[in-house]
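Subject: Structure handover, with salt bridges

Hello,

Here is the structure for your files. Please open it next to this note.

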Amino acid sequence: MVTLSKNAPVPLYLQVKNALEAEIQDGTYGQDARLPSERELCERFGVSRMTARQALKELERDGLVFSRVGKGTFVSGPKIDQQLRSLTGFTQEIGTRGSRPSSIVLSAQIIPASEHLSDVLKIMQGAEVVALSRLRLSDDLPLCIEIAHIPHYLCPNILKNDFAHTSLYDVFERDYGYRLVRAEQVMEASLAVPRELDILQMVAPASVLRIERLTYNEQDVLVEYVVSTYRGDRYKFHLTLQQW
Ligand code: 16G
């Protein structure tokens with residue numbers, strides 16, 4: 001049993017967390033390795049189940065581990081570091097990293113443009129908009145929720161595609177001849193709301209990155225307005241700044 005210092009100013013759960021964190025850093029537990037269960041931690045550190053649980057929760061909050069319901073707690077990989085120079089879609093971005101992208105379609109429908117959508121997409125209020133909401137995964141781990149809004153007249157019948165297995169950017173190019181050349185993106189940090197916690201399988205309070213992207217084709221037509229919510233612990237964005 002590892003002895004913890006009961007008189008130290010650091011609470012027991014943090015001491016357990018720190019010990020496990022050190023073992024993750026020194027490679028005792030490598031990427032995707034399963035950490036000891038709560039019960040095993042209780043035995044090893046001589047702490048209560050609640051203390052063990054809190055230690056695991058803190059590691060998860062820091063993004064060092066992730067839990068899978070009924071399977072245990074596993075060591076996370078390094079954050080995906082996306083360069084913000086090139087205009088890529090999710091499938092391409094994840095694929096070039098050697099990981100396997102996949103999607104779960106949460107909803108796919110045609111909706112009338114609200115005032116907000118008509119403002120953003122520069123179409124009449126009430127005009128038809130394709131609203132495609134997907135959970136995007138990398139190697140089966142949930143990474144972000146994405147809602148794409150596309151003026152329907154630009155992509156008639158686009159919803160005949162199975163977007164669980166098809167890249168939206170591939171469809172733009174293949175079926176409609178749109179080459180995407182420019183995007184404007186705004187990002188902000190935020191806390192996940194309950195529905196997002198549930199879908200992204202995070203423990204509250206959890207940080208997310210909210211990103212809005214407006215993407216234009218070669219004719220400078222705005223083809224998509226996408227709102228994405230990325231897990232803050234699995235993604236970071238990389239900017240190269242130059243003096244000019
Ligand atoms: C990315 C884009 C999103 C685009 C999607 C297409 C960001 C922030 N957003 O997630 O705007 O709709 O890729 O992905 O990068 P797909 O081609 O794999 O369907």
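Below are the overall figures, then the salt bridges.

This is a predicted model: local features need pLDDT of at least 70, side-chain atom pairs count only at pLDDT 80 or more, and totals for chains, interfaces and linings use all residues. Residues are numbered from 1 along each chain as its sequence is written, and side-chain values use heavy atoms, with hydrogens and water left out.

**Overall**

The protein chain has seven helices and ten strands (DSSP runs: helices are H or I, at least four residues; strands are E, at least two; numbered from the N terminus). Its C-alpha trace spans about 65 × 40 × 30 Å along the principal axes. Of the 244 residues, 45% are buried (under 20% relative accessible area; exposed is over 50%, partly exposed in between; 1.4 Å probe, protein chains only).

**Salt bridges**

The structure holds 15 salt bridges (a side-chain nitrogen of Lys or Arg within 4 Å of a carboxyl oxygen of Asp or Glu).

- Arg49 pairs with Glu38, closest N and O atoms 3.1 Å apart. Arg49 is in helix H3 and Glu38 in helix H2, eleven residues apart. Glu38 is buried at 19%; Arg49 is partly exposed at 44%. Glu38, Arg49 and Arg53 are linked in a network of salt bridges.
- Glu218 pairs with Arg179 at 3.2 Å. Glu218 lies in the loop between strands S8 and S9, and Arg179 in the loop between helix H6 and strand S7, so the pair ties together parts 39 residues apart in sequence.
- Asp220 meets Arg182 at 3.1 Å, N to O. Asp220 lies in the loop between S8 and S9 and Arg182 in strand S7, so parts 38 residues apart in sequence are tied together.

Best regards
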